[in-house]
Amino acid sequence: MASDSAERYIDSLKRNRGRKQRKRIEEAVQYALAHKIRLEILVILNEGCFTNAEIAELLGLEAKYISNHVLRMLEDGSIEIAKQEQRRGTMVYWYRAVELPEYSKEEAEGLTEMELQLIAGVVVQSATAELMAALNKGTLASARAILSWDLYSVDSQGRTDIEVEVERHLERLKEIQCESVNRVAVSKGNTTSMIVSAFAFERAREILRPLLVTKP
């Protein structure tokens, strides 16, 4: 079964989607990613918790231009309320990206298909928002940007090998992060915010023609 943190996350995500839910998670993700302002809101909320006014200021827009976007994404469960506070008779809300705990393979196997779909939707939404925002700003147009994807056709053992390799890759990224933090603590130097994503999943459709077999 999933850990306590995983179960709390699933309960929270279901509540956030709640009675006002108007879309399936796939539709909610498509909606959230379909407008430049919503993309920028998602990227900002990936960093932390902000109010409507703070989000608007960061985007250089009036609050009225972002409030409806925020409300719709909140109703869809694309974002969540981090905290709320009464100020001068008005309730002020701080929003954030939906928080995700880490899952082991064993924990994931204890979740339902619907729960896994909700989690997948949140991950795809966050990663795609960052990618599209970077594309819009032009930061992908760099010789140091690593852009790659490929289509593989593997047997059962090959799939297992790929999963193990991706897990190893993710663990190494955590080590690099820690090493960087330690160096900066000494050097007081600057850091660069980077997005590194990893996806390994079964394709939505079968390959029409067998892939050519090549030697590595």
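Visitor: Where is the place of R88?
Guide: R88 lies in the loop between two strands, β1 (79-87) and β2; helices (H or I, at least four residues) and strands (E, at least two) are DSSP runs, numbered from the N terminus. The model is predicted, and its residues are numbered from 1 along each chain as its sequence is written. Local features need pLDDT of at least 70, side-chain atom pairs count only at pLDDT 80 or more, totals for chains, interfaces and linings use all residues, and side-chain values use heavy atoms, without hydrogens and water.

Visitor: Is R88 buried or exposed?
Guide: Buried means under 20% relative accessible area, exposed over 50%, and partly exposed in between (1.4 Å probe, protein chains only). R88 has a relative accessible area of 89%, so R88 is exposed.

Visitor: Which phi does K188 have?
Guide: Most residues other than glycine have a negative phi. K188 is in the segment after α8 and is exposed at 66% relative accessibility. K188 is not a glycine, yet its phi is positive, about 60°.

Visitor: Which residues does V70 touch?
Guide: Contact means heavy atoms within 4.5 Å. Leaving out residues up to four places away in sequence, V70 touches I41, N52, I55, I79 and Y95.

Visitor: How far does α7 reach from its first C-alpha to its last?
Guide: The expected span of a helix is 1.5 Å times one less than its number of residues. α7 has 25 residues, and its expected span is 36 Å. Among its buried residues are L118, V122, Q125 and A129, and α7 is followed by G138, with a positive phi near 95°. The reach of α7 is close to the expected value, at 36 Å.

Visitor: What percentage of the residues of the chain count as buried?
Guide: The chain has 8 helices and 2 strands, in the pattern α-α-α-α-α-β-β-α-α-α. Of its 216 residues, the buried share is 25%.
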